[in-house]
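Thanks for asking me to look this one over.

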Amino acid sequence: MAKWLSAPCSHSSSTTFSSFHNESLCCSRKLTALTSICDFSKWAAKNFAKIQLRSHFELRSSNGHPLNAVSLQDEGSAANPQSEETHFSELGQEDSTLSITVVGASGDLAKKKIFPALFALYYEDWLPENFVVFGYSRTKMNDEELRNMISRTLTCRIDRRENCEEKMAQFLKRCFYHSGQYNSEEHFAELNCKLKEKEGGRLSNRLFYLSIPPNIFVDVVRCASTKASSKTGWTRVIVEKPFGRDAESSSELTRCLKRYLTEEQIFRIDHYLGKELVENLSVLRFSNLVFEPLWSRNYIRNVQFIFSEDFGTEGRGGYFDNYGIIRDIMQNHLLQILTLFAMETPVSLDAEDIRNEKVKVLRSMRPLQLEDVIVGQYKGQSKGGKTYPGYTDDPTVPNSSITPTFAAAALFINNARWDGVPFLMKAGKALHTKRAEIRVQFRHVPGNLYKRNFGTDLDKATNELVLRVQPDEAIYLKINNKVPGLGMRLDRSDLNLLYKARYTREIPDAYERLLLDAVEGERRLFIRSDELDAAWALFTPLLKELEERKIAPELYPYGSRGPVGAHYLAAKHNVRWGDLMGDDSHSCHLPLWPLLFFLRYHTPSLPKHTHKNGETGENAKFCINDNMDVLIEILKRLDDRSLGVAACVCRLWCGLTRNDALWEHLCFRHLSPPPEGVRTVVVALGGYRRLYTVCVKPVLSRLGKMRVGGGGAGGELERRVWTRHEVELSLSLFCVDYYERLLIGGGGGGGGGGRIGGESATPPLPSSLMFLCKAVNV
Ligand SMILES: NC(=O)C1=CN([C@@H]2O[C@H](COP(=O)(O)OP(=O)(O)OC[C@H]3O[C@@H](n4cnc5c(N)ncnc54)[C@H](OP(=O)(O)O)[C@@H]3O)[C@@H](O)[C@H]2O)C=CC1
Ligand SMILES: O=C1O[C@H](COP(=O)(O)O)[C@@H](O)[C@H](O)[C@H]1O
C-alpha cells in the first residue's frame with residue numbers, strides 16, 4: 001500500500017491542509033455555488049426557452065441542465081441536432097474564464113485523447129469564450145513545442161471540415177505549457193501565476209486533469225490545491241484510473257484526495273461511461289415501454305458484457321503487469337455498465353439519484369468466487385508469415401509473469417429483480433477481434449407453438465438484445481419470423497438500429513462528453529467514492545486469492561478467441577457466449593473435446609472448494625465427472641467423431657455418449673424444423689445412435705457432397721440446414737435397415753434388442769440397403 005501511494009497523504013502538513021480549507025474551501029465553495037448558479041441560470045434560461053419553443057420533451061440532468069432530448073418523430077433534428085444546440089460561446093460568459101490544466105501533458109493519454117477531445121469541444125463551440133489550456137509535466141518544452149506536439153493528433157470532425165485549419169490554429173493559440181515537478185509546490189505556484197495572467201482578473205474556474213501514473217496523484221493534488229486552485233471560481237480535478245489496486249489502497253487514495261478536495265471537486269473518470277451506447281442504455285430502458293417490463297429474472301436468462309481487443313499490451317506492459325485485465329477492464333468499465341444495466345429506476349436523472357441506484361446494485365452483488373472466474377494470458381503466435389509476440393515477450397514484463405490478459409467471470413445480484421440470473425463478463429487482450437458489447441439473452445417462449453420449427457436447440461431460437469458499444473455502434477434485437485412463402489419456415493432476423501445508417505453525424509469520443517460534463521459540473525457519469533468502495537469490495541477477495549495462490553492463467557494464442565475455459569465457465573451456468581454462437585458465430589468449430597480432456601485430467605486445485613464427496617480444503621479438486629449436467633451440456637456440442645473419442649475416456653463418459661438423447665440432438669441439430677412424432681418409431685427401430693450412424697451421416701455426407709460441390713465432410717456439410725427430403729430419405733432407409741436386419745435374422749424386435757439394439761457393444765453395421773443412397777444420388 002505504502003508502495004502504491006508513493007506520497008501517503010500524512011506527508012503533507014496540516015497547516016497546508018487547513019490553509020487550503022480556510023482559503024479555498026470556504027471561499028471557493030461559496031463562490032462555486034454562486035458562480036455555478038449564476039452561470040447555470042443564464043444557460044438554463046436560454047436552453048429552456050429553446051426547448052419549449054421546439055416542443056421537445058425535456059429531460060433534466062443533475063445540475064438541472066436539460067438533456068436536449070428530442071422527439072423520436074423529429075427526424076430532421078436527429079440527423080442534425082447541432083443546429084438547435086446551445087453552446088457555451090453563446091452564454092455571455094465574458095466575465096468568467098475556464099482554465100484546463102492537463103497534468104502529464106507529455107504522456108500517451110494526453111496526446112491520444114485529452115487534447116483531441118478539447119479541440120473537438122472547441123471546434124463544436126462547446127467551450128466558453130474565455131478559456132485556456134495548459135499542459136504541465138516534467139519534460140522541458142515551450143508553448144510552441146507543446147503546440148507542435150498536440151497538433152499532430154488533432155483531427156477535424158467530418159461534418160465541418162472547411163474551416164478546420166483556421167479553428168486548429170485558433171485553438172493552438174490558447175494552449176500553453178509549464179514544465180515542473182509533480183511534487184513541487186513552487187512549480188505549481190509558478191503555474192498559478194501564469195494562469196492568473198491569462199485569466200486577466202476575471203472570475204476563474206479551473207479544471208485539472210490528472211493524466212499521470214497513480215503513484216503521483218496525491219502529490220499533484222496537494223500542490224495544485226494549495227498553490228494553484230481558483231480563489232474566485234470553482235476548482236475541479238479529473239482523476240484517471242486506476243483508483244487503487246484493491247479495496248484498501250483505493251480507500252487510502254480517496255482518504256488522501258479528500259484531505260485536499262471535497263467529494264464534489266473529484267471527478268473520477270471511467271471513459272466507458274462516456275460512450276454513446278452506454279449513455280443510451282438508460283434511455284433504452286426507461287423511455288421504451290417494451291423493454292423495462294422485461295428487465296428482470298422473469299424474462300432475462302442471462303446478460304453478457306464482452307470486451308475484446310485485437311492487440312496486446314503493446315507499450316503499456318509495465319503498467320499492465322501491475323494490474324491485469326480484471327483491474328484494467330472488469331472492475332471498472334464492465335462493472336459500471338453492469339450497474340447501469342441492472343439498477344432500479346432512479347428517482348430522477350440527477351447524478352446522486354442515479355449513483356444511489358448503482359451503489360445499491362453493487363452492494364447486492366455476491367463477491368466473486370474463484371470457481372466463477374477463469375483467467376488467461378496470451379502467448380506468441382505465428383500466422384501467415386507474421387509473428388505476434390506473447391505477453392511475456394514484452395521487455396517491460398517479467399518472463400515469469402502470471403498476470404491475466406484475459407478473464408471471464410460469472411456474477412450474481414442477490415436482489416428480487418435479478419436473483420439467479422448469471423451476469424457474465426469476458427475481457428481480453430490480443431484476441432481475434434476488437435469489440436465491446438452487451439448481450440441480453442431472453443428466456444425460451446413458454447409453450448412455444450412453433451417449437452417444432454426450431455430444431456432441438458431452443459437456445460438458438462430465443463430473443464437476444466445486443467448493444468454494440470464499439471465498433472459500429474448498434475442496437476439490434478434478434479427475433480424469429482416466418483420466411484415468406486406458402487410453407488411455414490422460421491428464420492432468425494435482426495431488428496437493427498445501426499447508428500451510422502441512422503445518423504449522419506459522427507459520434508463524439510467518450511472523452512469529449514466527459515470533459516464537457518466536468519466543465520459543466522455534471523457528475524452523473526463520474527464515479528462516487530462509495531461506488532468505488534463497493535466495486536472494490538466485490539473484486540478484492542478474488543484478486544487477493546488469485547495472487548496469493550499464484551493461479552496460473554490458461555495460455556491462448558495471440559489473435560485467437562481466448563481460452564476454452566471461458567466456454568466451460570459459461571456452460572456451468574447454462575449460458576452460451578452470444579458472440580460465439582448462432583449467426584455471429586463459429587461455434588461449430590470450437591474444439592470442445594480438448595476442453596473435456598483438460599477438465600477430466602488437468603483441473604487445477606481449487607482451494608476452499610467443497611467436493612461432492614464432502615472433501616474440503618487444499619486438495620479438493622473440481623472434477624467434471626461430479627458435474628454431470630455440465631458434462632452433458634458439453635457433450636451435446638461435440639460432433640460424432642469427438643463423441644467417439646470421448647467414449648474411450650472412462651466408463652462414465654462411455655455411458656453418457658451412448659445416451660440416445662445425445663444422438664437425437666446430433667441427428668437433428670442442423671434440421672429446421674425437426675421431424676414431428678418420429679421418436680417412438682426411431683426408438684422402436686433401433687434408436688437415434690443407429691439412425692445417425694447408419695442413415696443420417698451417410699445421407700448427409702453423400703448429398704452434402706453433391707450439393708456443396710464436392711467439399712469435404714467437415715463442418716461445412718454439418719452446418720448447413722437439412723431439407724425435408726433428406727430427413728425423409730434417412731428415416732425411410734432406417735425402416736428398410738430395420739426390416740432387412742429382421743429378415744436376415746438379427747433377431748431384433750422392437751425396443752432395439754440384439755444387433756439392432758442401441759446398447760450393443762459392437763458398432764452398428766451399415767445396412768446393405770444403403771446402396772439406395774447412391775441410387776438416389778444418381
Ligand atoms: N494511455 C491510455 O490509453 C490510458 C491511460 N489511463 C490512465 O491515464 C493516466 C495517464 O496515462 P498515460 O498517458 O498512458 O501515462 P504515461 O505513462 O504516458 O504518463 C504520463 C506522463 O506522466 C509522467 N510520468 C510517467 N511516469 C512517471 C513516473 N514514474 N513518475 C513521474 N512522472 C511520470 C510522464 O511525463 P513527464 O516525464 O514529462 O513528467 C508521462 O508523459 C494513467 O493513470 C493511466 O493509467 C487510463 C486509460 C487509458
Ligand atoms: O481503460 C482502458 O481502456 C482501453 C480501451 O479503451 P477503448 O475506449 O479504446 O475501448 C484499454 O486499451 C486499456 O487497456 C484500458 O486501460
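Predicted model: local features only at pLDDT ≥ 70, side-chain atom pairs only at ≥ 80, totals over all residues.

1. Seven strands make up an open sheet with mixed pairing, and their order is S3-S2-S1-S4-S5-S6-S17. Strand S3 (175–179) and strand S17 (526–527) are at the edges; each has a single partner strand, so one side of each has no neighbour in the sheet.

2. Strand S1 (residues 96–103) pairs with strand S2 (residues 131–137) in the parallel sense, over six bridges. As a landmark for this pairing, find Ile100, which stands opposite Val133 in S2.

3. One helix to view against the strands is H7, residues 217–227. Helix H7 lies across S1, strand S4 (203–210) and strand S5 (235–239). Relative to S4, H7 runs at about 170°.

4. How do H12 and H15 cross, and at roughly what angle? The axes of helix H12 (residues 351–363) and helix H15 (residues 529–548) come within 9 Å, and the crossing angle is roughly 15°. An angle under 35 degrees counts as roughly parallel, and H12 and H15 are therefore roughly parallel to each other. The crossing in which H12 passes H15 is left-handed. On the H12 side the contact involves Arg355, Lys358, Val359, Leu362 and Arg363, which meet Asp530, Glu531, Ala534, Ala535 and Leu538 of H15. Five residues of this contact are nonpolar and five are charged, with no polar ones.

5. H15 also meets helix H8 (residues 247–260): the axes of H8 and H15 come within 9 Å and cross at roughly 165°. Angles over 145 degrees count as roughly antiparallel, and H8 and H15 are therefore roughly antiparallel to each other. Their crossing is right-handed. From H8, the contact uses Ala247, Ser250, Ser251 and Thr254; from H15, it uses Ser529, Leu532, Asp533, Trp536, Ala537 and Thr540. The classes in the contact of H8 with H15 are four nonpolar, five polar and one charged.

6. Two peptide bonds deserve a look if you are preparing the model for a calculation. Lys241 and Pro242 are joined by a cis peptide bond, with omega about 10°. Pro242 sits in the loop between S5 and H8. A cis peptide bond also joins Gln470 and Pro471, where omega is about -15°. Pro471 is found in the loop between strand S14 (464–470) and strand S15 (474–482).

7. Last, a backbone angle. Ala430 belongs to the loop between strand S12 (423–428) and strand S13 (435–442).

Methods:
Residues numbered from 1 in each chain as written. Chains lettered and ligands numbered in written order. Axes fitted to C-alpha atoms, helices over the stretch in contact; angles between N-to-C directions. Helix = DSSP H or I, 4+ residues; strand = E, 2+ residues; numbered from the N terminus. Parallel < 35°, antiparallel > 145°, perpendicular 65-115°, else oblique. Left-handed = near helix turned anticlockwise from the far one by under 90°. Contact = placed C-beta atoms within 7 Å. Nonpolar A, V, L, I, M, F, W, Y, C, P; charged D, E, K, R; others polar. Pairing = 2+ DSSP bridges.
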